[in-house]
Amino acid sequence: MLSLNQIKKQVLKLVKELNAPKNIIPTFNMSIDFGHPQIEVDDDGYHYVIIERGQIIEKRTSKDINDLLYWIFEGITFEMALEYELKNRIPNVDVRHLLFKKQLELLNRINNAFVERKKNEMEEILRNNPYID
């Protein structure tokens, strides 16, 4: 398993390639609360934790570093794609068209396997909730 410091270095390198805003980067082994993700490592594996008002509202754990990196960059690229969509909104078109396209484009800069994983998740979303436009 990688140490927290090794993960942090890898994440910050990839964040730089994305030119991601610092305020959407997870913290490492410390919480700033307010629904901001933090990364932890222990004997049970890698943890992606979201704390809101002092309570854990989500905790994902895996022994696979690729799962952790996916969770981190799925979140970062979603925030970036959301900001992009807000600035480039097309009237009367479901916002997810632009949002999904931009997120996949951003994930592609990181890891092609992440793109495939996210595409599968998006297809599931659209099966249950088709575009509305």
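An open sheet of four strands runs in the order 1-2-3-4, with mixed pairing. The model is predicted: local features need pLDDT of at least 70, side-chain atom pairs count only at pLDDT 80 or more, and totals for chains, interfaces and linings use all residues. Residues are numbered from 1 along each chain as its sequence is written, and side-chain values use heavy atoms, leaving out hydrogens and water.

Q: Why do strand 1 (27-28) and strand 4 (55-62) stand at the edges?
A: Each has a single partner strand, so one side of each is left without a neighbour in the sheet. Strands are DSSP runs (E, at least two residues), and helices are too (H or I, at least four), numbered from the N terminus.

Q: What makes strand 2 (residues 36-42) and strand 3 (residues 45-52) a pair?
A: Pairing requires that DSSP finds at least two bridges between two strands. Strand 2 and strand 3 have seven bridges, in the antiparallel sense. They therefore count as paired. His-36 stands opposite Ile-51 in strand 3.

Q: Which strands does helix 2 touch?
A: Helix 2 packs on the sheet against strand 2, strand 3 and strand 4. Contact means heavy atoms within 4.5 Å.

Q: Why is Gln-103 called buried?
A: Buried means under 20% relative accessible area (exposed is over 50%, partly exposed in between; 1.4 Å probe, protein chains only). Gln-103 has 1%, so the label "buried" applies. Gln-103 is found in helix 3 (residues 95-110).

Q: What makes the Gln-103 and Thr-77 side chains a polar contact?
A: A polar contact is a pair of N or O atoms within 3.5 Å; within protein, one must be able to donate a hydrogen and the other to accept it, and residues adjacent in sequence count only if both atoms are side-chain atoms. The two side chains make their polar contact at 3.2 Å.

Q: Which residues of helix 4 are buried?
A: Phe-114, Val-115, Lys-118 and Met-122 are buried. They cover an arc of only 95° around the axis, which puts them on the same side of helix 4. The arc is taken from the directions from the helix axis to the C-beta atoms. The buried residues of helix 4 pack against helix 2 (65-87) and helix 3.

Notes
Axes are lines fitted to C-alpha atoms, for helices over the stretch in contact, and angles run from 0 to 180 degrees between N-to-C directions.
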